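Trainee: Could you take me slowly through one part of this structure, and then show me how that part sits within the whole chain?

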Amino acid sequence: MKKIVFSLLITVSCLLSCDKSLLDQDNPNTLTESQFWATESDAQRGVNAIYHMFYQPGTWSRWIYFRLDLTSDEGFSKSPWIELADWTRFQYVNYNFLEGNVITYKDTYKAIFRCNQVLTHVPTIEFADENKKAQLLAEAKFLRGFYYYYAALLWENFPIVTALQSPTDAPEASTLADVWALVETDLSEAAEALPPQWNGNDIGRPTKGAALALLGKTYMQQHKWNEAKAALDYFFTGEGTPYYDLVAYQDNFRAENENNKESVFEIQFSDAHKTVAGDGPSSAMGNSRAQFFAPRSIGWSDGQARYWLVNEFKKEKTVDGEIDPRLRYSLFYPSLETDFGDKIYGRSWQWDADEAWFRKYARDYKQNQDDYFNEVNNRVIRFADVLLLYAEVLNELNQTASAYPYVDRVRARVNLAPLAMAHANIGNDKDRFRERLKMERALELCGESVRWADLKRWGDLETQAGIDRVAERDPDFNNFVLDKHIRLPLPEVEVANNPNLTTNNPHY
C-alpha cells in the first residue's frame, strides 16, 4: 500500500511541477483543419479525397444504379428484399430507407463537402505554378457540379451548400432552377481551366471535354438548346475534335482498353483493395453493380433488365442481315447462346420466359463470378452519347437534316444502315426524328445510367398520357404518380432536423 501511495505522490508532484506545454501535443495522425491546408501536396490530397467518394456505397460503387437504371423503364427489381424492390417501383413508404434514399443523399453531400473544402482552402495556398492551382480548383468545381447534376435529377429541390458548414447549420431550401444554375456555373468555370487531355497517372481526371459534355447535358435538361449546342460544339467544330472517336463497342464495358478515345469521363475502378466499402484508406475501390445485377445464383440478382430491350434490338438487322451486335454486349437473355454462341458466365442457363439481365460492366468474359470488387471502369459519358445528344440538340433547333450524320456515325459502327434509309418515314419531321432518337439512345446506351435523365428531358413523365405509354414497356410505371414521383422525397430525417426545410418535396 505504501508503494502505491508513494507512486501517486510522485505522479502528482510531476504534474504540478512539469511544463504544461509538454502535455499539449498535436496528434500527427489527426491533423486539424488549420494544420492540413498548407502546401501544394495538401491541396492535391484534398482533391483526391473527393474522388474517393466514387467508391462509397451511396454513389458509384453500388446504390446509385438502383436509382438511375432500375427506376427507369430499362430495369426493375424482383428482389426478395421487398423494400429495396419497392424503391424501384415508386412505392416509397419509409423516406428514411437507407439503401433507397438516405445513403445516396448522405454520400452526395459528403462529396460536396469535400469539394467545398478544396474551394475554400486551396485559394489561400501558395503554388509555384499557378496553372496547377487553377486546375485543382477546376477539378473540384467539376466534381461539385457533377454531384449537383445528379442531385437535380434525383431530388430536384436539393438544398445548396457552397461554403463549409458547422453541425448546427441548416441549409436553405432550394429550387430545381437554383440547382441547375449552380451546376452551370461550376461546369462553365471548370471548363475554362481543365486541360483537353491528361497524361500518366492523371488519366481519368475530368478534362475540358468532360466539363463541356456535362454542361451540355445540364442545358438540355432545361431545354436550353442554343446553350447546349454551344457547349457540345467543342467536340465537332471546336478544339476537342481531335481527341474523341468511336472504338469497338464492347471495349466500352471491359477492364481492357479503358480510358480510350471514346471515353469522355469515366470512373476509375480497381479490385486492388478487396475490403468493405467505406471511408477507410484501404476501403474497396471496385464497384459491386455487377454483383447486384447478376443473374440468380451468380450474384444477388436484385436488379434486371426489361425484355422489351431485347425485342427492340432484334427489330432491325445489320446491312449483312445479322442481329444488332450491341445486343450481345448489352444483355443476358434466353437466346444469347443461340444468337451469338455466348454462355452465361461460361455455362448454359435455365431461363424464365422473357427474362433479361444487364451484361454491361460484368466480368463474365473472364468467367469471373466474383464481381463484388469489379474493376471495370464506369464510362459515365462516352462519345457515342455526345453524338446522339448533339443530334437531339440540332433537331430541337429545327435543323433535323443536319442531325442525321451524328446518328449515322453511331449506327455505322455496328453496321446498321443510315437512318434515312432504314427509317425513311422520318424525313425532316422533327417529332418523328425525336421519337426515333429515343430508341437509338436506348439501343446504344441501355444500362448506362442515362435513361432516367432522358425520360425527364423528353417530358415523357410530365403527362398522364406519357406515363401510360412508358408503363406499356414497364408496368412499374402504373404506380407512378404525376408530379410526385418525378423526384425522390428528401430523407425525412433531414426535413425534421432542418427548420429551413419546412416541407418535403411536392406531394410527399
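Mentor: In helix 12, which spans residues 308-315, the buried residues are W308, L309, V310, E312 and F313, where buried means under 20% relative accessible area, exposed means over 50%, and partly exposed lies in between, with a 1.4 Å probe and protein chains only. Helices here are DSSP runs of H or I with at least four residues, strands are runs of E with at least two, and both are numbered from the N terminus. This is a predicted model, in which local features need pLDDT of at least 70 and side-chain atom pairs count only at pLDDT 80 or more, while totals for chains, interfaces and linings use all residues. Residues are numbered from 1 along each chain as its sequence is written, and side-chain values use heavy atoms, with hydrogens and water left out.

The buried residues of helix 12 pack against helix 13 (326-330), strand 4 (331-332), helix 18 (430-445), helix 19 (451-457) and helix 20 (464-473), a contact being heavy atoms within 4.5 Å.

Most residues other than glycine have a negative phi, but S301, which is not a glycine, has a positive phi of about 60 degrees. S301 counts as buried because its relative accessibility is 11%. Another positive phi, near 75 degrees, belongs to H507, also a residue other than glycine, which lies in the segment after helix 21 (492-497). H507, however, counts as exposed, because its relative accessibility is 54%.

Among contacts between residues at least 6 apart in sequence, 66% join residues at least 24 apart.

The largest nonpolar core has 148 residues, and those with the most contacts inside it are F54, W60, F142, F146 and F235; such a core is a set of buried Ala, Val, Leu, Ile, Met, Phe, Trp, Tyr and Cys residues joined through side-chain atoms within 4.5 Å. Helix 7 (residues 130-154) supplies the largest share of this core, 15 residues. Leaving aside residues up to four places away in sequence, W60 touches several residues, including F54, Y65, L68, F146 and Y150. A second, separate core has six residues, among them Y249, F253, A255 and Y329.
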